[in-house]
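Let us take a friendly walk through one protein chain, from its overall layout to a handful of individual residues. Please keep the viewer open as you read.

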Amino acid sequence: TLFLLTVMLFNINGQNEVAFNTVPVVNGKVVFEQFILTDANLNADDAYAKLQKWVRDKFRGSQSVSGIRFDDKGHLITVSAKTSVNESTTMNYRLDISVTGAGCMIVVRDITYQTNSDNTSFFPKMLTAEQTITDQAVNSGNDKQFKDNVRSATLSFLNDVYAEINTLYQ
């Protein structure tokens, strides 16, 4: 019984670090969602203040951010930004984080990729997450290795963001 309890606790702790291991498709769109429970002694205003500080420290002044919106009344923060997923591909994304009395909801959507891997054009190629990282996209068509690598890098990035936010409330 003690062994089973230890294994269960280990699995729960392990799940905290890997929030995203699949690519969810909701109504035909890739949308990543994860809820983080906050400390029961932390009210929504204090939880939101912690999140505001993290967003300002992480994103303010960054060349990779196209916009940050704070909705203090609704306890919602939206960050539109980009990050490099490999030497020739950039991921654009929208990160919505809302705080309630019980916790923090993370939503990442509007993901697109800009790649310069095709040397036949001066302009970068734009791909949606639906065309690139879904199970269907990875397993069909060509560029399987590219799509699989971009998918892995995307999941890794999202898990890093999740872990940073999760540590705010532990």
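**Overall layout**

Keep in mind that this is a predicted model. The chain has five helices and eight strands. Reading from the N terminus, the elements follow the order α-β-β-β-α-β-β-β-β-β-α-α-α. Of the 170 residues in the chain, 38% are buried. If you take the contacts between residues at least 6 apart in sequence, 49% of them join residues at least 24 apart.

In soluble globular proteins, nonpolar side chains tend to be buried together. Here, the largest nonpolar core holds 42 residues, and Phe32, Leu51, Ile165 and Tyr169 have the most contacts inside it. At least two core residues come from each of strand E3 (32-37), helix H2 (44-59), strand E5 (76-86), strand E6 (89-99), strand E7 (103-115) and helix H5 (144-168). H5 gives the largest share, nine residues.

Apart from neighbours within four places in sequence, Phe32 is in contact with Phe20, Thr22, Val23, Pro24, Ile106, Val107, Val108, Ile111, Ile133, Leu155 and Leu158.

Isoleucine 77, in strand E5, is also worth a visit. With a relative accessible area of 0%, isoleucine 77 is buried. Not counting residues up to four places away in sequence, isoleucine 77 touches Tyr48, Leu51, Gln52, Val55, Arg69, Phe70, Leu95, Asp96 and Ile97.

**How H2 and H5 meet**

How do H2 and H5 lie relative to each other? Their axes come within 10 Å and cross at roughly 140 degrees. An angle over 145 degrees would count as roughly antiparallel, so H2 and H5 are oblique to each other. The crossing of H2 past H5 is right-handed. On the H2 side, the residues involved are Lys50, Leu51, Trp54 and Lys58, and they meet Val161, Glu164, Ile165 and Leu168 in H5. Sorted by class, this contact has five nonpolar, no polar and three charged residues.

**Loop residues**

Two residues other than glycine have a positive phi: asparagine 27, at about 50 degrees, and histidine 75, near 55 degrees. Asparagine 27 sits in the loop between strand E1 (25-26) and strand E2 (29-30), while histidine 75 is in the loop between strand E4 (65-71) and E5. Are they buried or exposed? Asparagine 27 is exposed, because its relative accessible area is 79%, whereas histidine 75 is buried, with a value of 12%.

Threonine 38 belongs to the loop between E3 and H2. Setting aside neighbours within four places in sequence, threonine 38 is in contact with Ala47, Gly101, Ala102, Gly103, Cys104 and Tyr169. Threonine 38 counts as buried because its relative accessibility of 11% is under the 20% limit.

The accessibility values are collected here.

| Residue | Relative accessible area | Class |
|---|---|---|
| Asparagine 27 | 79% | exposed |
| Threonine 38 | 11% | buried |
| Histidine 75 | 12% | buried |
| Isoleucine 77 | 0% | buried |

Definitions and conventions:
Residues are numbered from 1 along each chain as its sequence is written. This is a predicted model: local features need pLDDT of at least 70, side-chain atom pairs count only at pLDDT 80 or more; totals for chains, interfaces and linings use all residues. Side-chain values use heavy atoms; hydrogens and water are left out. A nonpolar core is a set of buried Ala, Val, Leu, Ile, Met, Phe, Trp, Tyr and Cys residues joined through side-chain atoms within 4.5 Å. Buried means under 20% relative accessible area, exposed over 50%, partly exposed in between (1.4 Å probe, protein chains only). Helices (H or I, at least four residues) and strands (E, at least two) are DSSP runs, numbered from the N terminus. Contact means heavy atoms within 4.5 Å. Axes are lines fitted to C-alpha atoms, for helices over the stretch in contact, and angles run from 0 to 180 degrees between N-to-C directions. Angles under 35 degrees count as roughly parallel, over 145 as roughly antiparallel, 65 to 115 as roughly perpendicular and the rest as oblique. A crossing is left-handed if the near helix is turned anticlockwise from the far one by less than a right angle, and right-handed if clockwise. Ala, Val, Leu, Ile, Met, Phe, Trp, Tyr, Cys and Pro count as nonpolar, Asp, Glu, Lys and Arg as charged, and the others, Gly among them, as polar.
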